[in-house]
Amino acid sequence: MKIKTILFLAILAICTSCGEFWDGGDPVIRTMTLARESIDLMVGDRYSIPVIFSPDALPNDAVWWTTEDTEIASFDDNDVVALKEGTTTAYAMSAVDRLEASCTVNVWPRWYTNPNDYPYDMVIYANIMLNGEPIDDDVYVGAFIFDELRGVAQRLERNGHKYTVIRVWSDSESGEVIFFKYYDPKIAMMVELDYMVPFTENAYGSPSNPIDIELN
């Protein structure tokens, strides 16, 4: 075997073992996506939108962020901050390869109901669970009638037992239907529950025997 052939084969072996020799196949195409197509935040909350690179991010793969409407939401470093009720779009661009991705940002007002606006009220005593576990204190649960917030859950404790109280306000003595939403700022998500109860003057459950509500 000639010396030049031996040298070429040696270099080929080295390059192949280092992964630096192009084998004639298709070049690797990197992609960047966001883990969420949309997020929900209440005014004043913030969230870091997860970024997914394929293949994995490079060591210097910083991401630049901006929003379509900076009055509704803007970025502080890598966190989107909710500023005003409305909907806007968050845009991401990678420093390497200038890859782009986006997601919708829905900003909601803080949940609050003025009791003076309604003549009737009722109380729901509940055990509220998420995946079989009691919800964290920073998860909000709201009661709605006709898409209008009519009450927000409060956590209480009696004789060492924790439970939730939702006082619901209404324009009518009976007949309206209450449905529920929960909001978890840790994952920037607001979810409507498949659970409804009619408004009545009687309480649902009691501190010693609360009803069960599963968030799903």
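**Aromatic contacts, cores and a pocket**

Lys181 lies over the face of Trp108, at 5.8 Å from the ring centre. The charged end of Lys181 also sits over the ring of Phe144, 4.8 Å from its centre. A charge sits over a ring if NZ of Lys or CZ of Arg is within 6 Å of the ring centre and within 35 degrees of the ring normal. The model is predicted: local features need pLDDT of at least 70, side-chain atom pairs count only at pLDDT 80 or more, and totals for chains, interfaces and linings use all residues. Residues are numbered from 1 along each chain as its sequence is written, and side-chain values use heavy atoms, with hydrogens and water left out.

Aromatic pairs were examined next. Rings of Phe, Tyr and Trp (its six-membered ring) pair if their centres lie within 6.5 Å; planes under 30 degrees apart count as stacked, over 60 as edge-to-face and the rest as tilted. By this rule there are six aromatic pairs. The ring centres of Trp65 and Phe75 are 4.9 Å apart and the planes are at 20 degrees, so this pair is stacked. Trp65 belongs to strand 5 and Phe75 to strand 6, so the pair ties together parts that are ten residues apart in sequence. Strands (E, at least two residues) are DSSP runs, numbered from the N terminus. Both Trp65 and Phe75 are buried. Buried means under 20% relative accessible area, exposed over 50%, and partly exposed in between (1.4 Å probe, protein chains only).

Phe144 and Phe179 are stacked too, because their ring centres are 5.8 Å apart and their planes are at 25 degrees. Phe144 lies in strand 12 (residues 140-145) and Phe179 in strand 16, so this pair ties together parts that are 35 residues apart in sequence. Phe144 counts as buried at 5% relative accessibility. Phe179 is buried as well, with a relative accessible area of 10%. Trp111, Phe144 and Phe179 form one aromatic cluster.

The nonpolar cores come next. A nonpolar core is a set of buried Ala, Val, Leu, Ile, Met, Phe, Trp, Tyr and Cys residues joined through side-chain atoms within 4.5 Å. The largest has 29 residues, and Ile39, Leu41, Ile49 and Val80 have the most contacts inside it. Elements giving two or more residues to this core include strand 1 (31-34), strand 2 (38-42) and strand 16 (177-184). Strand 9 gives the most, with four residues. Apart from this core lies another, of 22 residues, among them Ile128, Tyr182, Ile213 and Leu215.

Val43 is found in the loop between strand 2 and strand 3 (46-48). Val43 is partly exposed, with a relative accessible area of 26%. Val43 and Trp108 are 65 residues apart in sequence, but 6.1 Å apart in space, C-alpha to C-alpha. Contact means heavy atoms within 4.5 Å. Not counting residues up to four places away in sequence, Val43 touches several residues, including Ala82, Trp108 and Arg110. Asp184 is found in strand 16. At 6% relative accessibility, Asp184 counts as buried.

The largest pocket is lined by 13 residues, of which Pro134, Ile135, Arg155, Lys162 and Tyr163 lie nearest its centre. On a 1 Å grid over the protein atoms alone, a pocket is an open set of points where a 1.4 Å probe fits, with protein on both sides within 12 Å along at least five of seven lines; lining residues have an atom within 4 Å of a point. Strand 10 supplies the largest share of this lining, four residues.
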